[in-house]
Amino acid sequence: GAGQRSSAETFERWAAEHLPAALGTEQDAERDVHGTVRRLVGALGEAGLLRHAAPGGDGPNGGLDVRTLCLARETLARASGLADFAFAMQGLGSAPISLFGNHEQKRRYLPRVSAGTAVAAFALSEAEAGSDVAAMTTTARPCRGGFRIDGGKTWISNAGIADFYVVFARSGEGGGSKGISAFIVDADSPGLGIGKNID
């Protein structure tokens, strides 16, 4: 529709006019990928483009429009794989909140994701299970004040620079792919540790 075409044109203009400054030099990106991703997230947020990745709506699909997301990613990827990555990871890391979060969770996290002032991460994969949720071993048990999550995740994009992680863990309601819950874990939560980065 006209709205999607207009959004695609906005992304095209931004990529032509502002992306080179946000990316920096190729040497900068190679030397400091995390810094470049944070800079891209900030620039995308400042331009208002991340509102498509984390709209914060309460309606169907949390306000996410898949056609606009596809056009945005196609446009960004044509200009820069890293810009597409930064945009996509903001959307992936916040999508469970957009789709299933309660009003308070949406209010607390999505405006910062949309503004580019918080980096999101999606923590599903495990070393022995990959993204096979039926083989997941990370557990979540109720404890005083919330849950205690035990386990390890791997191949987590934005690990180490994210401000929060959506972490999937077995909460005990069933075996296989049942009984898995998503938890929002702030980066400064006690006990959260980041291992070595994978290039």
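This is a predicted model: local features need pLDDT of at least 70, side-chain atom pairs count only at pLDDT 80 or more; totals for chains, interfaces and linings use all residues.
**The helices**

Let's start with helix 1, which covers residues 2-17. Helix 1 has 16 residues, and the distance from its first C-alpha to its last is 22 Å, close to the 22 Å expected at 1.5 Å a residue. Its buried residues are Q4, S7, A8, F11, W14 and A15. These cover an arc of only 125 degrees around the axis, which puts them on the same side of helix 1. Turned away from the buried side of helix 1 is a face with the exposed residues A2, R5, A16 and E17. As for what sits over the buried residues of helix 1, the cover includes helix 2, helix 4, helix 5 and helix 6.

Next up is helix 4 (33-46). Buried here are T36, V37, L40, V41, A43, L44 and G45. What do the buried residues of helix 4 pack against? The partners are helix 1, helix 2 (19-23), helix 3 (26-31), helix 5, helix 6 and helix 7 (103-115). Just past the end of helix 4, G48 takes a positive phi of about 80 degrees.

T68, A72, T75 and L76 are the buried residues of helix 5. They take up an arc of only 95 degrees around the axis, so they lie on the same side of helix 5. V66, R67 and R78, on the other side of helix 5, are exposed. The cover over the buried residues of helix 5 includes helix 1, helix 4 and helix 6 (81-100).

**The largest pocket**

The largest pocket has a volume of about 1,200 Å³. Its lining is made up of 39 residues, and I156, Y165, L192, G193 and I194 are the ones nearest its centre. Which elements give two or more residues to this lining? They are helix 4, strand 3 (146-150), strand 4 (164-170) and strand 5 (180-186). Strand 3 makes the largest contribution, with five residues. By residue type, the lining of the largest pocket splits into 19 nonpolar, 14 polar and six charged.

**A few residues up close**

| Residue | Relative accessible area | Class |
|---|---|---|
| S171 | 17% | buried |
| A88 | 12% | buried |
| W155 | 54% | exposed |
| N158 | 7% | buried |
| F122 | 22% | partly exposed |

W155 and N158 are worth a look for their backbones. Most residues other than glycine have a negative phi. W155, which is not a glycine, has a positive phi of about 55 degrees. For N158, also a residue other than glycine, phi is positive too, near 75 degrees. W155 is in the loop between strand 3 and strand 4, and that loop holds N158 as well.

S171 is in the loop between strand 4 and strand 5. Setting aside residues up to four places away in sequence, S171 touches A140, G179, I180 and S181.

F122 belongs to strand 1 (residues 120-123). Beyond its neighbours within four places in sequence, F122 is in contact with L92, G93, P96, I156, V166 and F168. One of these, I156, is also among the residues nearest the centre of the largest pocket. In sequence F122 is 58 residues from L64, and their C-alpha atoms are 17 Å apart.

Finally, A88 sits in helix 6. A88 and R5 are 83 residues apart along the chain, with 19 Å between their C-alpha atoms. R5 itself is one of the exposed residues on helix 1.

Terms used:
Residues are numbered from 1 along each chain as its sequence is written. Side-chain values use heavy atoms; hydrogens and water are left out. On a 1 Å grid over the protein atoms alone, a cavity is a set of points where a 1.4 Å probe fits but cannot get out, and a pocket is an open set with protein on both sides within 12 Å along at least five of seven lines; lining residues have an atom within 4 Å of a point. Grid points are joined across faces, edges and corners, and a volume is the space filled by probe spheres set on the points. Helices (H or I, at least four residues) and strands (E, at least two) are DSSP runs, numbered from the N terminus. Ala, Val, Leu, Ile, Met, Phe, Trp, Tyr, Cys and Pro count as nonpolar, Asp, Glu, Lys and Arg as charged, and the others, Gly among them, as polar. Buried means under 20% relative accessible area, exposed over 50%, partly exposed in between (1.4 Å probe, protein chains only). The arc is that of the directions from the helix axis to the C-beta atoms. Contact means heavy atoms within 4.5 Å. The expected span of a helix is 1.5 Å times one less than its number of residues.
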